[in-house]
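Trainee: Please put the model up, and I will ask about its sheet, its helices and its cores.

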Amino acid sequence: MTSHISAIDAAIDPVKLDRLAEVAIKIGLQLQPGQDLVMTAPTSALGFVRRIVEHAYKAGAGIVTPIFSDDELTLARYRHAPDASFDKADGWLYDGMAKAFAGGAARLAVRGDNPMLLASQNPAKVSRANKATSMAYRPALEKITGFDINWNIVAYPNTAWAKLVFPNDQEDVAVAKLADAIFSASRVNSDDPVSAWKDHNAALARRTAWLNGKAFHALHYTGPGTDLTIGLADGHKWNGGAETAKNGITCNPNIPTEEVFTTPHARRVEGHVSSTKPLSYQGTLIDNISVRFEEGRIVEANASKGSDVLGKVLDTDEGARRLGEVALVPHSSPISQSGLLFYNTLFDENAASHIALGQCYSTCFNDSNLSPQEVAARGGNSSLIHIDWMIGSGKIDIDGVNKDGSTEPVMRAGEWA
């Protein structure tokens, strides 16, 4: 490996970092000999990306193509670009990514951006830019949400992100602490993380098997600020941990992961629910979210902080006010027990049971070859967005509701019943 590392990189355990790179390739993607890989990452993660690329080629990768983002370059656009820029996106780039995925390439995203990067920028411009990007990215995203390919998201600590999580520490100390938290959550603290992941996947598989055997009609949530019934899509299937993509490769899309999840029925959600953790979204912290559903649609929405951004999100399109995912996570999950707010959905969603506004996963059906029209007919939602937010805690009970109205405990006080 190169010896040119920064003082910040030097604060990160190189052995565990290398294990994480190996896990991303061998468990996250199960990259196949000859398979190409398209990777996105922030420039701050260059040292980590080099390790990933090394492991990818050792695993027999055809060609690895990294695409980098940079905080300062992103900010330059908001500071200096003409107004019309914010309705544009790199369609040619996303078309190329979609073409690569259609040709069999795998997808890896390294998350490590500053979560509050755009906090002081014009929210209308941020919203417009996000919408333009979402529209341009859709052909590529459909290959991912449709699970046509093996894909994975993994994280690397950025200095600004670390200081957000550990504000009272010096930069290098904060980075080291965040790195350790990432390594712990990603199960690379053991000498054999590949085996640790296989055991964890087996435990999640037992949960999904139980839920699929029950085939509940709905889930009923009760707790402080929450009395919510989420109908489940017709013929829904619970997934979690390792999954087999349509290309036949078994991968772990998210590292870390503690959730089992499925597709709710977009037109059968009733009641009210409150968030149990803040949502960090595009540089804004949205806190104390409270919404009310009627016939699957959010008809009232409030937040003590970031309510204007929440409103813009809900107005993205018709599907943005409906649910695309419901996920169960025990309150005793390692990420929950860490007591940290990561300001990063990849981690925070694995600290608590959650729901997602927007696009559903078409793989969460017993028949995985449904057309978009068939997915919609069974209750699956369609949208340009997919945003997870946390509604679980140690005070939330969840019951499975059968078609005849009878109920059965699923979770009590945030733990599996």
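What follows is a set of questions and answers on this structure.

Mentor: This is a predicted model, so local features need pLDDT of at least 70, side-chain atom pairs count only at pLDDT 80 or more, and totals for chains, interfaces and linings use all residues. Residues are numbered from 1 along each chain as its sequence is written, and side-chain values use heavy atoms, with hydrogens and water left out.

Trainee: What is the bridge partner of alanine 327 in S17?

Mentor: S16 (residues 323-328) pairs with S17 (residues 354-358) in the antiparallel sense, over four bridges. The partner of alanine 327 in S17 is histidine 354.

Trainee: Is H2 parallel or oblique to H9?

Mentor: Two packed helices are described by the angle between their axes and the distance between the axes. H2 (residues 14-29) packs on H9 at an angle of about 50°, with the axes 10 Å apart; axes are lines fitted to C-alpha atoms, for helices over the stretch in contact, and angles run from 0 to 180 degrees between N-to-C directions. Under 35 degrees counts as roughly parallel, over 145 as roughly antiparallel, 65 to 115 as roughly perpendicular and the rest as oblique. H2 is therefore oblique to H9.

Trainee: Which residues of H9 make the contact with H2?

Mentor: Contact means heavy atoms within 4.5 Å. H2 contributes Arg19, Val23 and Ile27, and H9 contributes Pro193, Val194 and Trp197.

Trainee: How many residues has the largest nonpolar core?

Mentor: A nonpolar core is a set of buried Ala, Val, Leu, Ile, Met, Phe, Trp, Tyr and Cys residues joined through side-chain atoms within 4.5 Å. Leu37, Phe48, Val110 and Phe347 have the most contacts inside the largest one, whose count is 69 residues.

Trainee: Is glycine 213 buried or exposed?

Mentor: Glycine 213 is in helix H9. Buried means under 20% relative accessible area, exposed over 50% and partly exposed in between (1.4 Å probe, protein chains only). At a relative accessible area of 63%, glycine 213 is exposed.

Key:
Two strands pair if DSSP finds at least two bridges between them. Helices (H or I, at least four residues) and strands (E, at least two) are DSSP runs, numbered from the N terminus.
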